[in-house]
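Biologist: Could you take a close look at one part of this model for me? Walk me through the details and the cut-offs as you go.

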Amino acid sequence: MDFQNENISRYNFEQCTKCTVCTVVCPVTPVNPRYPGPKQAGPDGERYRLKDSVFFDEAFKYCLNCKRCEVACPSDVRIGDIILAARIAHTKSRPSLRDTMLAETDLMGSLATICAPVVNTTLAMKPVKYIMDRTLGIDSHRRFPKYAGTKFVTWFRRNAESLQADYPRQVSYFHGCYVNYNYPDLGKAFVRLFNAVGVGVHLLDRERCCGVAKISNRLVKEATRDAKINLDAVRKAISGGSEAVLATSSTCCFTLRDEYPHMLGLDNADVRPSITLAVAYLARLIESGDIKLVFRDDYRRRIAYHTPCHMERMGYTQYSIGLLSSIPGVELIVLNPNCCGIAGTYGFKKENYQTSQAIGAPLFEQIERVRPDFVATDCETCKWQIEMSTLQRVYNPIEVLAEALDFDATRKANNLNI
Amino acid sequence: MKELDRHYDVIVIGGGATGAGTARDCALRGLKVLLVERFDFTHGATGRNHGLLHSGARYAVTDSESARECIEENMILRRIAANCVEDTGGLFITLPEDDLDYQNTFVKSCLAAGIQAEAIDPDLARRLEPSVNPGLIGAVKVPDGSIDPFRLTMANVYDARIHGADILTYHEVTDFIRSGSRIEGVVMCDHRNSGHEVRATADVVVNAAGIWGHLLAEKAGVSVKMFPAKGALLVFGHRVNNVVINRCRKPANADILVPGDTVCVIGTTSDRVSFDEVDRMDVSPEEVDVLLREGIKLAPSLATTRILRAYAGVRPLVASDDDPSGRSISRGIVCLDHASRDGLEGFVTITGGKLMTYRLMAEWATDTVCRKLGRESAGCVTAELPLPGSEPIDAEASRSTAGEKAAVGRHGTLASRIPSAYASDRALVCECEEVSVGEVEYAVNNLNVDNLLNLRRRTRLGMGTCQGQLCVCRAAAILEKHDNCTDRHLNGIRQFVNERWKGMRPVAWGDNLAESQLTAWLYGNVAGLDSLDDSGEMN
């Protein structure tokens with residue numbers, strides 16, 4: 001009876017026991033009846049697609065790739081991966097110009113930062129929004145994130161790089177496109193905070209967009225090219241003395257850790273444990289007693305924390321919540337688990353706008369009800385969505401920590417004389 | 001006791017492919033037909049085989065007559081039963097432990113029987129079917145395919161009814177009405193009506209009851225010697241292969257792997273069993289082991305694929321008529337007019353053969369009936385006239401959801417009659433097999449559905465990976481709306497779940513066991529069906 005003992009399925013989708021909890025937690029199913037839901041689109045549909053690709057349903061494009069189904073699954077079925085892989089394998093049309101533009105964050109960012117004020121003004125003009133809506137299918141309700149005049153990388157090379165080698169610990173920072181092209185302030189806060197606890201910060205030799213937008217827009221070849229560059233750079237950083245490669249964006253981190261092996265088939269097992277989120281790294285060092293944070297006495301804030309979907313998928317939420325609530329003057333309200341609806345480039349697409357806003361509606365209502373001083377979250381696209389859909393400002397926990405930190409006291413507590 | 005008002009030209013006993021095909025052929029030739037089945041259509045061997053559209057290649061070396069019949073019927077079925085057939089193509093592979101010389105004999109015999117067999121390069125075989133054992137040293141391409149016996153049978157029943165046939169399921173023939181040396185009708189027990197006795201009369205009675213035909217013939221007072229041979233099969237959770245894979249050697253255990261609908265099936269074993277066993281076929285651990293061990297040689301990935309269930313059917317092997325000892329077995333068609341053979345008028349037995357030749361069997365039986373009735377002018381048209389649903393389909397483009405496409409696959413052009421106007425029609429009852437509320441309604445209204453088990457055979461409801469876990473209670477709610485029999489359908493759920501468990505039990509490990517546990521908790525503990533007794537009463 002040896003064969004019976006060894007007959008364990010190696011097909012992930014066959015581990016589904018049809019309990020349907022994935023469909024219960026799916027944010028899209030209740031608001032878009034066209035979407036068949038993760039169980040149907042994922043493990044159920046996979047059997048049919050193995051028979052014939054005509055059973056692929058274009059409606060799978062309504063999947064957010066939020067992976068909430070995977071968090072809920074008791075059998076470890078990678079439902080979101082199955083759906084995304086099916087979209088990549090079976091969608092007949094090539095990615096549109098719009099999808100390519102939205103996904104090419106490096107290219108667009110590099111061009112836009114050259115003349116940021118002009119681009120920012122243009123993208124905010126009503127006629128331009130109207131034209132983009134009609135010609136490209138980018139919803140006119142959307143607000144584009146503003147581009148920065150100086151890239152984070154430029155600032156870092158000029159102002160910070162030369163000081164880093166003297167710190168007792170060394171990490172590399174995967175800043176991501178948003179920090180580099182749109183919001184260098186977060187990167188600056190990261191460097192200040194880590195320096196204060198004795199950690200020197202380095203950039204990767206080469207950094208490309210993590211590729212999440214390319215993957216979800218089916219630009220797999222382009223995403224794989226970038227991913228290989230990133231993984232090589234990560235390996236080089238680790239062998240060059242960095243303890244870890246840290247991201248401040250939960251989605252960049254998730255993509256490097258999990259989407260690379262699962263969606264692109266790239267083996268990152270050697271460096272995966274070294275790639276993590278900045279808050280996770282900090283929280284672990286604090287817990288082990290290696291570093292200390294000392295906060296200002298006069299910092300008083302009421303903060304609502306929103307958990308990004310990929311944060312939940314990685315199981316990292318506890319780190320952000322723990323760090324924020326360790327600030328003495330902070331009253332932390334953890335918002336109900338609810339996808340904000342934007343899902344990166346998804347919410348920019350005209351056909352998804354209604355769905356996107358309907359998914360986020362309960363979150364926006366709760367934020368307005370709670371009336372915090374501001375919202376904290378680890379994902380930049382959640383930030384755009386919440387800032388556009390509520391009256392609140394949104395900050396990354398790293399920024400909040402840096403803002404609340406008593407730098408001198410922290411440096412002293414960590415025995416820094418630099 | 002109830003006497004049916006109508007006097008029939010012919011009563012056909014047996015709701016398998018042969019009986020349904022005979023009823024259709026008789027009805028098409030203008031006869032007044034009654035088709036009776038003791039349980040449900042396809043309940044016997046018709047519903048318990050590979051679903052292989054044989055090219056005949058398997059018999060080419062040993063039985064050229066069967067091979068020739070197979071390839072002829074194969075070509076006919078592709079025409080008349082298009083929505084029941086999938087043209088997968090087939091491979092006969094030679095493994096290193098097999099004799100490669102056999103391949104030459106095999107190809108020659110195939111060509112002699114009219115089967116397009118072509119030896120191809122093993123590399124090409126690996127490209128045609130990536131799941132095939134990469135160690136193969138030879139391959140022959142043949143026109144095998146897969147055929148859905150449930151759809152095929154129901155299409156015949158449906159067409160018989162359109163042409164005036166009356167249909168009775170759950171009516172078991174317990175005796176014959178006779179006058180001297182003439183059979184004049186049947187006495188039936190109505191299983192759904194407390195075993196009530198029902199009588200029907202006809203000029204001719206056709207015994208198309210498969211292995212049970214042996215016992216029926218005894219009741220009629222004649223002897224048709226049959227030998228029950230059990231064949232066990234395993235169903236895998238998804239399609240590993242898209243081309244039928246056979247072993248190129250003398251037929252043996254578990255040497256055919258057939259992709260059918262959403263699954264693939266490996267089989268079979270072959271063991272003589274006694275008549276006491278034919279109504280309860282259990283698959284033993286040893287059989288599962290043989291099937292898996294041999295199956296892996298055809299497609300190694302079967303070793304790590306989820307097995308959905310195990311099942312077994314009974315082949316009705318018939319002794320050659322001139323050999324009462326039964327040593328000489330024929331796989332060919334046996335059509336007996338008991339008037340000339342045994343001096344018993346009004347009784348015909350059609351047996352032997354196989355699913356592949358059901359139409360030819362029906363033709364022979366109907367020819368015999370017509371001859372006896374003096375209605376020989378009516379010719380057989382079943383080789384040309386497509387079955388309902390098998391007309392060419394151009395509607396696929398208008399069907400957008402996977403569920404609608406799956407329904408077209410199951411019902412062919414008749415799928416256009418499935419209600420789909422409202423979201424509530426398109427809502428899925430069975431998610432694994434994409435069966436909608438509309439399809440269930442259609443089956444209940446058109447395909448002789450009385451209970452959940454019937455519904456499964458008509459639609460594939462409950463045949464997917466969850467084996468009825470989610471769909472059976474939804475389906476019961478729809479059946480309940482049709483006849484208000486809550487108690488009966490509650491008990492139906494219990495029977496359905498138990499019947500599914502019977503097939504899962506021999507392969508209950510890993511994911512399958514987890515699945516069945518969840519089902520048991522849902523229906524046993526949450527829904528309380530454990531406390532129903534056999535009559536459906538709550539304890």
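Modeller: Let's start with B:Arg247, which sits in strand S14 (residues 244-247) of chain B; strands here are DSSP runs of E with at least two residues, helices are runs of H or I with at least four, and both are numbered from the N terminus. This is a predicted model, so local features need pLDDT of at least 70 and side-chain atom pairs count only at pLDDT 80 or more, while totals for chains, interfaces and linings use all residues. Residues are numbered from 1 along each chain as its sequence is written, chains are lettered from A and ligands numbered from 1 in the order in which they are written, and side-chain values use heavy atoms, with hydrogens and water left out.

B:Arg247 counts as buried because its relative accessibility is 3% (buried means under 20% relative accessible area, exposed over 50%, partly exposed in between, with a 1.4 Å probe and protein chains only). Its side chain makes a polar contact with the side chain of B:Asp98 at 2.8 Å. By polar contact I mean a pair of N or O atoms within 3.5 Å; within protein, one must be able to donate a hydrogen and the other to accept it, and residues adjacent in sequence count only if both atoms are side-chain atoms. Leaving out residues up to four places away in sequence, B:Arg247 touches a set of residues including B:Phe92, B:Leu95, B:Asp255, B:Glu294 and B:Lys297 (contact means heavy atoms within 4.5 Å).

Zooming out, chain B is split into domain 1 (2-45 + 150-225 + 326-373), domain 2 (85-145 + 227-318) and domain 3 (395-531), with bounds from an automatic or database domain assignment. The centres of domains 2 and 3 of chain B, taken over C-alpha atoms, are 29 Å apart, and the contact takes 14 residues from domain 2 and 17 residues from domain 3. About 1300 Å² is buried between these two domains, 50% of it from carbon and sulfur atoms; buried area is the accessible area (1.4 Å probe) that two parts lose on being put together, summed over both. On the domain 2 side, B:Arg306, B:Leu308 and B:Arg309 lose the most area to domain 3, together 51% of what that side buries.

Four salt bridges turn up across that interface, a salt bridge being a side-chain nitrogen of Lys or Arg within 4 Å of a carboxyl oxygen of Asp or Glu. B:Lys502 and B:Asp282 meet in a salt bridge through their side chains (4.0 Å, N to O).
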